[in-house]
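Reader: I have just opened this one and would like to be walked through it. Could you take my questions as they come?

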Amino acid sequence: MRKSIIYFGLLASMSLASCEKFLDKTDPTATSFTEFFNTEEDLRRVVYSSYVDVFTSVGARGLLFYLEDSKSDNAYSRIENDHHQRIANGNINANTTAFLYYYELQMKHLGRLNTFIANVDVPYVEDEAVRTKFKSILEALRVWHYFKLTSRWANVPFHLEPANMETALQPAKSKEEILETLFPLAEEIASRLPENEYTSDAYMFNKYSFKALTMRYALYNGKYELAAKLAKEIIESGKYQLHANYADLFNYKADKTNKEFIMKFDMESHNNTATNSFRDLAPQYRTGNGQSYSVPTKSLVDSYWTLQGRPIDNCPLHTKQEYELDPKLNRDPRLKASIFGQGDTFYGDKIDIYNTASLFYFENQRSSKSGYWFKKFVDETDAFKSGGNMHFPLLRYAEVLLTYAEAQIMLGQVDDLAKDCINQLRKRAGLDMTVADVKLGSKTQEEWVNLIRNERRTELAGEGIRYDDIIRWRIAEQVLNQPALGHTRLVNGKVETLKIEDRTFQQHNYVWPFHENSLRVEPGLIQNPGY
């Protein structure tokens, strides 16, 4: 790090003529501090690498947002080294590799960002607006890292400038103190970002996409007034809208043409490297492609309410058991759009998870232990290809609507806009609005809370949101202290359900442990209680 700081200082004194002699940059993902850094294109490369290394890499399965639900009751991860399985089943301690992996990754990139931000005025870029844009994006990425760190570990080292030996030894700051700095800082950064999405580099933060991220973490941290304010600003901007067809958002019919994706994981964000969502999520197929790395659980399937917007255990039309045995029966259409399994057709073949001769057989190594698969981000067009070109949402306009509604519910101020936000999602999904309209009748506070929590779960299933939700709602002790289950059927008149694994969650698991290696090299860290 010291060499790079000296280098940046030397670079500042060089003439414009000498800038032309700098080496060409051939590796767009390079993040070494010894990289030459002197033009607008260099600034863009730094920002690009800051995204791809942590947020938009198609090859790092431990970071892919669409596998994150495997940490929660929504899904099961069959590969332990993807870092989701042990977190979900509770087999964790201070030596669990996942905690070193995630913590080191965040801290490493924070160090890089601090150095780049401190030297962002060194490159010769005459247009101040360009410098301001790239600096603001880098600062926004730094805020994102700290939001993630405090969500997982609470109290962490906090630096907004390059660390030296003295500052690196300072004790961690409290989560509350960090957030008191982050939220006002985030709003100030947003004010400096361009209002509109960029013609190219659309994945980079603009004013409203960063407001949407800040909104998310305001909600996560119980700052409901701020979350509602930001959500309303985004709604009133008119820049985003729900796509007409829910299912089409998650395949090639609308992944590139919708106006719903606010934070984007597009092809440009990872240099057009082939995407792997078919391989990661789909069943094994004739080509061998399809790994079932993350598969839905019975808990998620059962969470989809009925076509009339009622829980399956509180519907006068059918019994809970009838709904459990037939997930296609009178259900919210988002279930069919998001998940498929027994009896469905996949690339012309009928799925039979109990047929030992079938690739779909649930006990096959690369099959689904639950008997279900995610349909989101699985397009059969990719079945015979080595990869795809899918665009993904890191944050959708639907989440903005859900956030406004939840924030107002938690404030006890369920206004017409909050109700309309929920109704927009239900109507788009295809629910029977003669019954599912939330403006019909009255609801208690508990009923509103249950409704909005389930609406988030089903609308955003498989999009990496659920784990944060069960942590912030403090319900992980309920939903992760029971076995992960799969498909249910009748055998000789007896109900049988596939069991995947036992799971446990203890109260101290709401905050992650620091890995023993981190404690050894950072004397300012204090292990979180219970580990």
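Reader: Which element gives the largest share of the lining of the largest pocket?

Author: That is helix 17, which supplies six residues of the lining. Please keep in mind that this is a predicted model, where local features need pLDDT of at least 70 and side-chain atom pairs count only at pLDDT 80 or more, while totals for chains, interfaces and linings use all residues. Residues are numbered from 1 along each chain as its sequence is written, and side-chain values use heavy atoms, with hydrogens and water left out. Helices (H or I, at least four residues) and strands (E, at least two) are DSSP runs numbered from the N terminus.

Reader: How much space lies in that largest pocket, and which residues are closest to its centre?

Author: The largest pocket holds about 1,200 Å³ of space, and of the 40 residues lining it, S303, W305, P311, D313 and N454 are the closest to the centre. On a 1 Å grid over the protein atoms alone, a pocket is an open set of points with protein on both sides within 12 Å along at least five of seven lines, a cavity is a set where a 1.4 Å probe fits but cannot get out, and lining residues have an atom within 4 Å of a point. Grid points are joined across faces, edges and corners, and a volume is the space filled by probe spheres set on the points.

Reader: Back to helix 17: what should its 15 residues span?

Author: At 1.5 Å a residue, helix 17 (residues 445–459) should span 21 Å, and its end C-alpha atoms are 21 Å apart, which agrees; the expected span is 1.5 Å times one less than the number of residues.

Reader: Which residues of helix 17 are buried?

Author: Among them are W448, V449, N454 and R456, where buried means under 20% relative accessible area, exposed over 50% and partly exposed in between (1.4 Å probe, protein chains only).

Reader: And what does R472 touch?

Author: Leaving aside residues up to four places away in sequence, R472 touches L219, Y220, E406 and R456, contact being heavy atoms within 4.5 Å. R472 lies in helix 18 (residues 466–472) and is buried, with a relative accessible area of 16%.

Reader: Changing topic, how many cavities of 30 Å³ or more are there?

Author: The count comes to six cavities, and about 460 Å³ of space lies in the largest cavity. Helix 6 gives the most to the lining of that largest cavity, with six residues.

Reader: How many disulfides does a search of the whole structure find?

Author: The search finds zero disulfides, a disulfide being a pair of cysteine sulfur atoms within 2.5 Å.
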